[in-house]
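Me: I am new to this structure and would like a friendly tour. Could we go through it by question and answer?

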Amino acid sequence: MVKLIIGGDICATKRDEKAFLGGDAQQLFTDVLPEIQVADFAIANLETPLINAQSPIKKSGAVFGNSPKMLNAIKQSGITYLNLANNHILDHGKKGLKSTLEALKENQFDFSGAGETLKDASEPFRATIKGKNITVLSYAENEFSIAENGQSGANPVDVIDFVTRIKALKDSSDFIILLYHGGKENYHLPSPKQQKLCRFFVDQGVDMVVCQHSHTAGVYEAYNKGNIYYGQGNFVFDPYPLKRDWLYKGVLIEVVLHEDNSTDIQLIPYIHKSFFKDEIGIRKMTIEEAKLFMNHIDEASQKMIKNPNYIQEEWLKLSKSLENTYFSILNGNGKVMRKLNEKLSWLKFIYKNDRKLVLKNIVTCETHREIVETILKDK
């Protein structure tokens, strides 16, 4: 029997940085700590580069960066593997990624999902634990962190690469985990294409797909011979003072792999203590908190399973609610103008049907989209 624990995003903030640097795993993980430490293999996503000096890249969105010393607490927690395939690992460029890799090696962490070359970034992690061959594949959606030929970064989602690799891996692996860093942030359901992709991963031989990046615990499904989890929520990544309650809640995934390669899977819900008062770290949910939280996830999961159109219908609702925001982004508006357009919808008078059709063709046609991507590269 092999026990695995999978956790979501870890990043030190100003509030808990001292505890990370000081190696105070007890203060950060509290009563969740024993769940990690009894595992034979504990996984988490490192949602930040480990840097000695600032070297931020040009990008849209937040830029993260922590001292390599934050590994002190992670190491004390019992987490042994850190996923690097995410949208922040290249926030401080090649220099920041290099210092991250050096720090992980120095502290004897296992890792994969990013590298100084695309080849290195795409290599899966493999380990034999109690006689079981465990494989971890890591992929990230294409944002500002992705490795390319001649450029360091995170492993991009590449279906051709995946198919080639899975053929060579599935016969020599007892359990294959695929970590997918993608999906809509703050949304507990997959997009239709995300669900189709994750199911394809399972069809090809992956035993468990775990989606991260959404910052909220999501729905899950048993599909074919595998299991798919569409979001775990933040692990130790304190969202204070944001007022969105889902940012404070998440789940660990515990997998017990038996001798015959059958599995027992349990979700362990936790909450950031800053949701209630001025404290740092996470704790297990109480029985009542866990019941309410898991009921919400279970109900949404059952809707997805029972209604084949549920994901498409909900995605349509979400997309329509974001129409004003996205038209404003495409128009090049800053935050102030975007907020105004969300309330006044003035861009609807500019984006007439003919203009929308041109925009649709550029975005949906693979060749047009590749031209736009090339034009905007390295801007």
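This is a predicted model: local features need pLDDT of at least 70, side-chain atom pairs count only at pLDDT 80 or more; totals for chains, interfaces and linings use all residues.

Me: At what angle do helix α7 and helix α8 pack?
Reply: Two packed helices are described by the angle between their axes and the distance between the axes. Here α7 covers residues 159-169 and α8 covers residues 192-203, and their axes are 11 Å apart. The pair counts as roughly parallel because its angle falls under 35 degrees. The angle is about 20°.

Me: Which residues of α8 meet α7?
Reply: α7 passes α8 in a right-handed crossing. From the α7 side, V159, F162 and V163 take part. The residues of this contact divide into 6 nonpolar, no polar and no charged. On the α8 side, the partners are L197, F200 and F201.

Me: Is the pair of F64 and F237 stacked or edge-to-face?
Reply: F64 sits in the loop between β2 and α4, while F237 sits in the loop between β13 and β14, 173 residues apart. Their ring centres are 5.5 Å apart and the planes stand at 85°. Planes over 60 degrees apart fall in one class, so the pair is edge-to-face.

Me: Is F237 buried or exposed?
Reply: The relative accessible area of F237 is 11%. Buried means under 20%, so F237 is buried.

Me: What is the phi of H213?
Reply: Most residues other than glycine have a negative phi. H213 lies in the loop between β10 and β11. At 4% relative accessibility, H213 counts as buried. Its phi is positive although H213 is not a glycine, at about 95°.

Me: Is Q108 buried or exposed?
Reply: Q108 belongs to the loop between α5 and β4. It has a positive phi near 60°. Its relative accessible area is 69%, and the cut-off is over 50%, so Q108 is exposed.

Me: How far apart in space are I79 and I36?
Reply: I79 is in the loop between α4 and β3, and its relative accessibility of 3% makes it buried. Its contacts beyond the neighbours within four places in sequence include I10, F29, F109 and F235, as well as I36. I79 and I36 are 43 residues apart in sequence, yet C-alpha to C-alpha they are separated by 6.9 Å.

Me: Is S145 buried or exposed?
Reply: The loop between β7 and β8 holds S145. Setting aside neighbours within four places in sequence, S145 is in contact with N86, N87, H88, I89, L90, G153 and A154. Its relative accessible area is 1%, so S145 is buried.

Me: Which residues does K184 contact, leaving aside its neighbours within four places in sequence?
Reply: K184 is found in the loop between β9 and α8. It is partly exposed, with a relative accessible area of 27%. Its C-alpha atom is 26 Å from that of I166, 18 residues away along the chain. The contacts are S214, W315, L318 and L322.

Me: How many of the 10 residues of α12 are buried?
Reply: Helix α12 runs over residues 335-344 and lies largely in the open. Just after α12, S345 takes a positive phi of about 55°. Of the helix residues, the number buried is 1.

Me: Which residues of α12 meet α11?
Reply: The axes of α11 and α12 come within 8 Å and cross at roughly 145°, in a right-handed crossing. By class, the contact has 2 nonpolar, 4 polar and 2 charged residues. α11 contributes N324, T325, S328 and I329, and the α12 residues they meet are M337, R338, N341 and E342.

Terms used. Residues are numbered from 1 along each chain as its sequence is written. Side-chain values use heavy atoms; hydrogens and water are left out. Axes are lines fitted to C-alpha atoms, for helices over the stretch in contact, and angles run from 0 to 180 degrees between N-to-C directions. Helices (H or I, at least four residues) and strands (E, at least two) are DSSP runs, numbered from the N terminus. Angles under 35 degrees count as roughly parallel, over 145 as roughly antiparallel, 65 to 115 as roughly perpendicular and the rest as oblique. A crossing is left-handed if the near helix is turned anticlockwise from the far one by less than a right angle, and right-handed if clockwise. Contact means heavy atoms within 4.5 Å. Ala, Val, Leu, Ile, Met, Phe, Trp, Tyr, Cys and Pro count as nonpolar, Asp, Glu, Lys and Arg as charged, and the others, Gly among them, as polar. Rings of Phe, Tyr and Trp (its six-membered ring) pair if their centres lie within 6.5 Å; planes under 30 degrees apart count as stacked, over 60 as edge-to-face and the rest as tilted. Buried means under 20% relative accessible area, exposed over 50%, partly exposed in between (1.4 Å probe, protein chains only).
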